Amino acid sequence: MKFKFSFWAALFLVFISCQNSTSKPSSDEIVRRMESLVAENQIPGLNFSIVYPDGKQEDYSVGFADTLRKQKLTTEHNLFSGSIGKTYLVALFMQLVEEGRVELSDPFVKYFPETEWLQLLPNANDISIKMLLSHTSGLPRYVDEKGVWDTLQANPDKVWTYKERLSFIFNHKAVHAPGQAWAYSDCNYLLLGMLIEKLTGSDFYDEVRSRILEPEELRATYPAIKRNLPNLPVGYSRMPEFSRLNGIVVSDGKYAFNPQMEWTGGGFVSTTADLARWAKLFYEHQLFSGEALKQITTPNRNGMDLGNGQQYGMGSFIYDTEIGKAYGHTGFAPGFRSVFAYYPKQKIAVALQLNSDYLGEKMSLIQYLDRILHGIKV
């Protein structure tokens, strides 16, 4: 009997030990997995960063910043983060809500009674601020209009106004009735940017800098408001023919057009390391309340089944991944792709960036993360 007790007791202790163990890929294994992704998907380069629950951070880089010159991509390179930039706006907006300066249920036009051109937008009078944040307004996508790309081709240095961006959807038919479906559109966040500048009386980027970037020491994140940007690798694009951007979109550090066009639809350049730190700050609600985070990460009723295990809350996707639920956002800019994510069960934050806008047909950005994080347990 004593032997049997000892045997089962030992087995139980082993079981408990396994349940409580920490398991993560080694640094060498992460690099091997990244190199495999680069080769399999025929992309030039890939950066990846991870922040563990204790704040320890690891940053990795494989591939090339310039394939012709054989210049290596490094963790110091800054890449366009695309629509991940919307999360800076969301954080700032939640602060304004909690300061009592705006209500999510307010109609947007309430704040712009004398701006007549807003009436040319579909659903203009029936769009609430919450609809804009959750992409349920029914506004079309202005970047889908050929005229946008014709304008960029004719005047790549153009500095865009609120009205000029949104004019491409004036008098268009709404994608759906306000609040009755889900359709992703940067136009929602362009309007929110207008409102932030109206409420604060200052430039959007100045607000992000003073409220987020400087206090949180995100020193390698800055506004994408000019064509010449420091530490920018070559970007490789396979955009549709109408964009006229197929090929290389960065030459000697100069982007193909003024990225100021994107503004609050994205509008930032960052290192992958800064993006991972930002994911941890954002999804651990270090800049706003837990109630605000709940609104951000709870799927809205129209964003509960977007396919491929994706849902949408308010400024954030909810992903079904190999290692469990994750919150995050992807980003696109011609020549670049990004994703950042936070895994609430594991309490890890990650970011991944490519200096190409094509992934191959085999996998999504979340599947890239699945491949790198396979087997992780913390």
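**Strand pairing, pockets and confidence in the predicted model**

Tyr222 faces Val269 of strand S10, in a pairing (at least two bridges found by DSSP between two strands) that is antiparallel and joins S5 to S10, residues 268–270, over two bridges. The model is predicted, with local features requiring pLDDT of at least 70 and side-chain atom pairs counted only at pLDDT 80 or more, whereas totals for chains, interfaces and linings use all residues. Residues are numbered from 1 along each chain as its sequence is written, and side-chain values use heavy atoms, with hydrogens and water left out. Strands (E, at least two residues) and helices (H or I, at least four residues) are DSSP runs numbered from the N terminus.

S5 and S10 belong to an open sheet of three strands, ordered S4-S10-S5 with antiparallel pairing. Its edges are S4 (79–80) and S5 (222–223), each of which pairs on one side only. Helix H8, residues 204–213, lies across S5 and S10 and runs at about 35° to S10; axes are lines fitted to C-alpha atoms, for helices over the stretch in contact (heavy atoms within 4.5 Å), and angles between N-to-C directions run from 0 to 180 degrees.

Strands S1 (residues 45–51) and S2 run antiparallel and are joined by seven bridges. Ser49 has Asp59 of S2 as its bridge partner. The two strands form a hairpin with five residues between them, and Gly55 in the turn has a positive phi of about 95°. S2 also pairs with S3 (residues 71–72), in the antiparallel sense and over two bridges, with Phe64 opposite Lys72 of S3. Four residues separate the strands in this second hairpin, where Lys70 takes a positive phi near 55°.

Cavities and pockets were located on a 1 Å grid over the protein atoms alone: a cavity is a set of points where a 1.4 Å probe fits but cannot get out, a pocket is an open set with protein on both sides within 12 Å along at least five of seven lines, and lining residues have an atom within 4 Å of a point. Grid points are joined across faces, edges and corners, and a volume is the space filled by probe spheres set on the points.

The largest pocket has a volume of about 910 Å³. Its lining comprises 35 residues, with Arg141, Thr330, Gly331, Phe332 and Arg337 nearest the centre. S12 (317–321), S13 (324–333) and helix H11 (365–373) each supply at least two lining residues; S13 gives the most, with five. By class, the lining has 20 nonpolar (Ala, Val, Leu, Ile, Met, Phe, Trp, Tyr, Cys and Pro), seven charged (Asp, Glu, Lys and Arg) and eight polar residues (the others, Gly among them).

The second largest pocket holds about 250 Å³. Asp66, Arg69, Val234, Val250 and Asp252 are the closest to its centre among 15 lining residues. S2 (57–66) and S8 (250–251) are the elements that give two or more residues to this lining.

One cavity of 30 Å³ or more is present. The largest cavity contains about 50 Å³ of space and is lined by Phe108, Val109, Leu118, Leu121, Ala124, Ile127, Leu132 and Leu191. This lining has eight nonpolar residues, no polar and no charged.

Mean pLDDT (the predictor's confidence in each residue, from 0 to 100) is 93 for the chain, and 94% of residues reach 70 or more. Over residues 1–5 pLDDT stays under 50, with zero contacts beyond four places in sequence. Residues 9–20 also stay under 50, with one such contact. Where pLDDT is low, predicted coordinates should not be read in detail.
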